[in-house]
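Here's a quick tour of a protein chain for you to follow on screen.

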Amino acid sequence: MSRFWKPGTEKPRIIDDEEGGVLFYSASASSSSGYGFSSMEKQRQRLPVFKYRTAILYLVETRATTIIVGETGSGKTTQIPQYLKEAGWAEGGRMIACTQPRRLAVQAVASRVAEEMGVKLGEEVGYTIRFEDVTNNDLTRVKFLTDGVLLREMMDDPLLSKYSVIMVDEAHERSLSTDILLGLLKKIQRRRPELRLIISSATIEAKTMAAFFSTRRHRGPDNGPKKEPAILSVEGRGFSVQIFYVEAPIPDYLRAAVSTVLSIHDQEPMGDILVFLTGQDDIDAAVQLITEEAQSSRKQGLIVLPLYSGLPRADQDLIFSPTPRGKRKVVISTNIAETSLTLEGIVYVVDSGFSKQRFYNPGFDEHQSEITDIENLIVAPVSKASARQRTGRAGRIRPGKCYRLYTEEYFVKEMPAEGIPEMQRSNLVSCVIQLKALGIDNILGFDWPASPSPEALIRALEVLYSLGVLDDDAKLTSPAGFQVAEIPLDPMISKMVLASVEFGCSEEVITIAAVLSIQSVWFPGRGVQKELDEAKLRFAAAEGDHVTFLNVYKGFLESGKSSNWCHKNFVNYHAMKKVTEIRLQLRRIAQRLGIVLKSCESDMQAVRKAITAGFFANACRLEPFSHNGLYKTIRSSQEVYIHPSSVLFRVNPKWVVFHSIVSTDRQYMRNVISIDPSWLTEAAPHFYQRQLLNPNPSQV
DNA sequence: GAGCACTGC
């Protein structure tokens, strides 16, 4: 392999900070390496990361793990994989991998890199995301993929042996799959000392990450790479953003945001405004208030647009249309604009300091009044890291301004430095089964970048045990456990799919599984509620929502997958296309697993039994003499109601199972199907004892 | 008769 620093040039300078074996590297100010003359090369050399090229390659060669802290615009994501390739890390049939948390980013980065390298996408440079594998086994040397896909690859190749370097990008986001991946990569490193890791993060939290990867206690052979990770900091290329705080805490961030927008419009030069609020309700209200205020005070030139993921596609696209001359665009957004979408042309950011965050309470205390074992969405303060990210959105085209709707004292003294990793805020059922499938037996002792609570892990193990996926020794059962792990769905849905074989309705249940893994089959939008309700009635099935989905899917197929048909029936065309994609993938996996694909035609009892086999833990009984539709869960007697969007709303069958709960002032069951209670004991005799089911037989 | 931050396989 070639050497990475040029012979005769100065060796990279390394400064030891004497803390935990972590090294900081400081690049010499200029880089004189004259290489490449094309304009593409010149563009590449102008990126901030370029002057660290030698340093990065030096560290990757000498260290098992290198942590790169880089702000946006540093060029690290597109350049580092190319540096590695140029330095020979993809020689001898080996590959360089670079992971991203999101599909769109994978596609965008891969095509950019292919373009810079002057190769056809899918050959030397390729990418893999769910449903799309644009790689070539013989040719691809640099591969971009989502971290979820890399995790799946580990099921076939647990040591990821074809990769010489794996770069995990956006690690600061601490997503569930990034954290699982990091934990597993650390394990792989012990077995494969030649494997190099690059962890790329936007925040200084890098030190925590370095501590995680530091393995000085287990000294390896002296000839291998040094085990202590190095941290290298690469500056970004954003413009400066001036930050303003409120002087005293404000009671109502919605109104404060509205008035801030109006005064920016009054007093500041042209430039678009991005406002971060928490959710659809706040955003729609703010859009209306700003529009009204602007009209009543005859302010001209404001284009106010909402932005959240539930918005119809066409409305989302409005955000990207260029602002007409003399106008000012105001985008009111959830934190979708913090990471997933980048808006160009933003000069002003207004940050409420809040976002909706998922929290999970595994709930073992039976006396607590709040509902447990449910993921909840709660409005909570953001972290400093998020606040900085939001601020940075104002400095992409020229120096900008950021208005924080909280005090500087709050920011400095009270705002947490980092958000809580998703691992510590989620139900871990999927996560645990993935580790089990990779042969990690001691889940409680697994070395996580951020340990989840033992309660959450135990709860996940319990659920998997009750599904028959884990045995008494907490090992995957065969074949059910291995099959459930192989199916890329929530384990309860996967179990439902497996059970459908015995009831002869796998074709129908696979459709239901696909629908349950997307947001909604219905077209979003509150303005057309009445029409949507009427449209739903055309498909409504007495059995419940799952059978209703089958009717929608059937109609969609009979229309020839027509977008026009969807439009007429208030069905979301993009969602239905995704359903057909997921369905195809599931059919392929089912065939590989030897699952018999069979339709039960109109036998909906078979379908309901299969659903019960996966979701028996979500069984509920209507309270006797209940006049307002109060149900109680069988497992823990928690009070729940059927959501008004369900076709079973006000129908209130005696026994139901639900797919999920939305928790507001009440707990609402979403996607509900009526069942016969005897199916519960058939599906999970160990879980339901007969006496629990029939405390009062006369009322059943 | 009510309300869904955001990803991903």
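Among the elements covering the buried residues of helix H14 are helix H5 (147–156), H6, helix H15 (454–466), helix H16 (480–486) and H17. Keep in mind that this is a predicted model.

**Helix H14 and its surroundings**
- H14 spans residues 429–437, and seven of its nine residues are buried, so the helix is largely enclosed by the rest of the structure.
- If you'd like to find those buried residues, look for Val429, Cys431, Val432, Ile433, Gln434, Leu435 and Lys436.
- After H14 comes Gly439, and its phi is positive, near 85 degrees.

**Helix H6, one of the covers**
- H6 runs over residues 176–191, which makes 16 residues.
- From its first C-alpha to its last, H6 reaches 24 Å, close to the 22 Å you'd expect at 1.5 Å a residue.
- H6 has buried residues of its own: Thr178, Asp179, Ile180, Leu181, Leu182, Gly183, Leu184, Leu185, Lys186, Ile188 and Gln189.

**Helix H17 and Ser500**
- H17 covers buried residues of H14 too, and Ser500 sits in this helix, which takes in residues 491–502.
- Is Ser500 buried or exposed? Buried residues have under 20% relative accessible area, and Ser500 has 0% relative accessibility, so it counts as buried.
- Which residues does Ser500 touch, leaving aside its neighbours within four places in sequence? Its contacts are Cys505, Ser506, Val509 and Ala610.

**Zooming out to chain A**
- Chain A contains 25 helices and 23 strands.
- Its radius of gyration is 27 Å, close to the 27 Å that the globule rule gives for 700 residues, so chain A is as compact as a globular protein of that length.
- Of the 700 residues in chain A, 53% count as buried.
- Take the contacts between residues at least 6 apart in sequence: 71% of them join residues at least 24 apart.

**Surface and charge**
- The accessible surface of chain A is about 32,200 Å², and carbon and sulfur atoms account for 50% of that.

How values were computed. Residues numbered from 1 in each chain as written. Chains lettered and ligands numbered in written order. Predicted model: local features only at pLDDT ≥ 70, side-chain atom pairs only at ≥ 80, totals over all residues. Heavy atoms only, no water. Helix = DSSP H or I, 4+ residues; strand = E, 2+ residues; numbered from the N terminus. Rg over C-alpha atoms; globule rule 2.2 N^0.38 Å. Buried < 20%, exposed > 50% of the residue type's maximum accessible area, 1.4 Å probe, protein only. Contact = heavy atoms within 4.5 Å. Areas by Shrake-Rupley, 256 points an atom, 1.4 Å probe, with all protein chains shown as cover. Expected span 1.5 Å × (residues − 1).
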